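Welcome, and please open the model in your viewer. We will go from stop to stop, with something to select at each one.

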Amino acid sequence: MRKQIVAGNWKMNNDLAQTETLITELKKQIQTSKAEVMIAPVFTNLWPSFQALRKHDIEVIAQNMHFADSGAYTGEVGPGMLLSVGIKTVILGHSERRAYFNETDEILAKKVDAALKHGMRIIFCFGEELNDRKSGNHESVVENQIKNALFHLDGKAFENIVLAYEPVWAIGTGETASPEQAQEMHAFIRKTLSGNYSDAIANSVSILYGGSVKPSNAREIFSKPDVDGGLIGGASLEAKDFFAIVNAI
Ligand code: PEP
């Protein structure tokens, strides 16, 4: 079902003490919200974060996972391991994973299958680079990223998939896609889903926007009809800013 969601991607920030401090601050800021609220700390802090927030309306989610259940994959973490520490949602396909860790559409398709096999929910990220936007290829790039990693799935799988459009040129740069650019792409994504599946599926999937969302621009971006919330990087590291964004829904 289509929901409004604000998820904080902490990336590789915050050791245990800093995580505890930020969670204490987040608990002070929690108000009843229309949005589902999530945070994604680093792997080592998932369990303490889950314990600290289990009675609060903030879901703790993972930033990544491997597709295998277990085995000779040094340094990796599998889906069952995440579930065993209370984590039921995972971000897949973040542009930093694609750029710095060579995650291809093929690898992402395997990760998607593994997460779904384990009954996990996915926040699936994709987005074009600046060159694609400048040359007018942004829609075809996004369409291919979605098709290659997701369109082997049956329609029912989309009950457990949230999409996150994150133009690479807007991530951590202070450069935001205009609300109109975000709306245009989100509408295009829904049209793509509708063409390959159905209107019902296209209208039931939550599509988040990510890329330099801040308290000052969140309300306008979230007001667009096809934008169902945001994936927030930098601004999720400050409890006040993060909740100002949550409350902009
Ligand atoms: C992100 O990492 O997903 C992100 C959107 O980062 P930022 O908000 O810092 O641009």
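This is a predicted model: local features need pLDDT of at least 70, side-chain atom pairs count only at pLDDT 80 or more; totals for chains, interfaces and linings use all residues.

Begin by selecting N64, which sits in the loop between β3 (58-60) and α3 (79-84); helices here are DSSP runs of H or I with at least four residues, strands are E runs of at least two, and both are numbered from the N terminus. N64 is buried at a relative accessible area of 6%, where buried means under 20% relative accessible area, exposed over 50%, and partly exposed in between (1.4 Å probe, protein chains only).

Residues are numbered from 1 along each chain as its sequence is written, and side-chain values use heavy atoms, with hydrogens and water left out.

**The ligand**

Next, select the ligand and the 14 residues around it, of which K11, E166, G172, S212 and G234 come nearest; a residue belongs here if one of its heavy atoms lies within 4 Å of the ligand. How do these residues divide into nonpolar, polar and charged? The shell has 4 nonpolar, 8 polar and 2 charged residues, with Ala, Val, Leu, Ile, Met, Phe, Trp, Tyr, Cys and Pro counted as nonpolar, Asp, Glu, Lys and Arg as charged, and the others, Gly among them, as polar.

Show distances to the oxygen atoms of the ligand. An N or O atom in the side chain of K11 is 2.7 Å from a ligand oxygen, and a polar side-chain atom of N9 lies 3.3 Å from one. At G172 it is a polar backbone atom that is 2.7 Å from an oxygen of the ligand. Taken alone, the ligand exposes 300 Å², and the protein buries 95% of that (Shrake-Rupley areas with a 1.4 Å probe; for residues, only the protein chains shown count as cover).

**Loops with a positive phi**

Stay with S212, in the loop between β7 (207-210) and α10 (215-222). S212 has a positive phi of about 55 degrees although it is not a glycine. Most residues other than glycine have a negative phi. Is S212 buried or exposed? At 17% relative accessibility, S212 counts as buried.

From S212, jump to A235: the two are 23 residues apart in sequence, and their C-alpha atoms are 7.8 Å apart. A235 lies in the loop between β8 (229-232) and α11 (239-246) and is buried, at 15%.

Then find N102, in the loop between α4 (95-100) and α5 (105-117). N102 also has a positive phi, near 55 degrees, but counts as exposed at 58% relative accessibility.

Select R219 in helix α10, exposed with a relative accessible area of 54%.

Finally, color α7 by burial: its buried residues are H138, V142, Q145, I146, A149 and L150. They lie on the same side of α7, because they cover an arc of only 90 degrees around the axis, taken from the directions from the helix axis to the C-beta atoms.

Definitions and conventions:
A polar contact is a pair of N or O atoms within 3.5 Å; within protein, one must be able to donate a hydrogen and the other to accept it, and residues adjacent in sequence count only if both atoms are side-chain atoms.
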